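I would like to walk slowly through a few side-chain pairings, so please have the picture open while I talk.

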Amino acid sequence: MRKLIGYVGTRDLQDVREEDIRALDVINIAFGHVVDGCIVWDGSGKKEALKRLREKNPDLKILLSVGGWSAGGFSLASRTEEGRKKMALTGLELVQEYGLDGIDIDWEYPGTSIAGIDSDPSDGENFILLLAALREALGGWSDGKMVTIAAGGDSYFTLQTDMGKAAEYLDYVQLMTYDLQGGFQKVTGHHAALYHSRCNLIDACGHKCTQNFHQAGVPMEKLILGVPFYSRKWEGVQPGSANGLGMEAQTVGGYGPDYTELTANYIDKNGFVRHWDDQAGVPWLYDGNTFISYEDEESLANKVKYVQENGMGGIMYWEYRSDGTHTLTEYLRRKLDAEE
């Protein structure tokens with residue numbers, strides 16, 4: 001059965017609906033961090049929430065995700081055997097204290113300081129050694145504890161790391177196949193395209209990412225396709241024949257409305273018209289000035305089909321609180337089950 005994995009913020013653990021708890025296979029708690037070489041997480045007051053999750057779905061796996069965008073500490077802590085062991089053992093302590101099922105590493109990204117974090121040319125090698133230390137600390141493969149990662153959705157990640165070697169220590173690799181365009185570009189485009197299309201100037205897409213990681217040595221069944229429950233938005237878009245797609249804007253594609261806001265105020269509302277890119281397999285919105293790249297049920301269905309047809313391990317999304325309509329988690333579950 002293909003996995004459905006959702007990132008849930010620490011503050012939102014008690015708010016996950018019973019139907020969604022049953023629909024999910026894995027919850028990644030966002031986030032723990034690396035502080036003074038230790039993995040830390042403020043789980044105060046969350047044991048009752050974790051207990052409820054277990055009661056509603058005894059098969060649910062709950063992992064602590066460590067890191068996230070602009071969260072540093074990984075590079076320095078992983079440079080020595082002592083540092084890697086310290087990280088791994090403090091991670092194990094949290095797993096034991098809170099009855100968790102493992103650790104998810106969200107180092108964004110080994111070998112680069114683009115997010116304002118420390119980095120070093122040795123990061124790629126130390127990344128692998130850190131995963132090995134975590135696997136050993138959590139009991140190898142015999143104790144059922146999990147070690148997973150979230151990985152950047154373009155070739156920069158596979159260029160910096162030996163993903164074939166990393167896969168030997170990982171239950172699966174979650175591909176962040178979103179934010180592929182936007183934060184650094186003033187040209188509008190799809191931030192979570194499944195395929196590249198002729199109107200999208202940047203070729204980063206889910207298919208390219210999947211193939212990169214597979215060719216780097218990760219088995220298809222260990223690859224998880226990531227989808228966003230939020231959008232990216234460009235403003236001051238120059239008018240053109242493509243309804244705003246592939247056009248220069250006055251802003252970069254910053255973080256836009258989440259799915260809650262999109263359904264309430266944007267999709268075919270308030271002057272925004274929904275368009276569909278049949279090649280890329282995703283929609284966008286445009287009102288003559290503002291361009292919004294987002295995900296909806298039609299594009300999610302395409303991605304579930306892609307996962308099934310390519311023998312991938314499942315779907316991951318960021319993040320639970322971005323869907324106040326409470327429809328997308330159950331929708332993904334139904335589509336994943338129907339495609340089996």
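Let me begin in helix α11, which spans residues 328-339 and holds both Arg333 and Asp337, two residues that sit 4 residues apart, or about one turn of the helix. Please keep in mind that what we are looking at is a predicted model. Arg333 and Asp337 form a salt bridge, and the closest N and O atoms of that pair are 3.3 Å apart. The two partners can also be described by their accessibility: Arg333 counts as buried, since its relative accessibility is 10% and the cut-off for buried is under 20%, while Asp337, at 39% relative accessibility, counts as partly exposed.

Arg54 is partly exposed, with a relative accessibility of 24%, and Asp101 is buried, with a relative accessible area of 11%.

A further salt bridge is formed by Asp203 and Lys208, whose closest N and O atoms are 3.1 Å apart. Here Asp203 is partly exposed at a relative accessible area of 37%, and Lys208 is partly exposed as well, at 24%.

Salt bridges can also be linked into a network, and in this model Arg17, Glu19, Asp20 and Glu330 are linked in that way.

Let me finish with a residue from another part of the model, namely Ser65, which is found in strand β4, residues 61-67. Is Ser65 buried or exposed? Ser65 is buried, because its relative accessible area is 0% and buried means under 20%. If we leave aside residues up to four places away in sequence, Ser65 touches Tyr7, Asn28, Ile29, Phe31, Gly32, Asp104 and Asp106. With one of these, Asp104, the side chain of Ser65 is joined by a polar contact of 2.7 Å.

That is where I will stop, and I am happy to go back to any of these pairs on the screen.

Note on methods. Residues numbered from 1 in each chain as written. Predicted model: local features only at pLDDT ≥ 70, side-chain atom pairs only at ≥ 80, totals over all residues. Heavy atoms only, no water. Buried < 20%, exposed > 50% of the residue type's maximum accessible area, 1.4 Å probe, protein only. Polar contact = N/O pair within 3.5 Å; in protein donor to acceptor, adjacent residues only side chain to side chain. Contact = heavy atoms within 4.5 Å. Salt bridge = Lys/Arg side-chain N within 4 Å of Asp/Glu carboxyl O.
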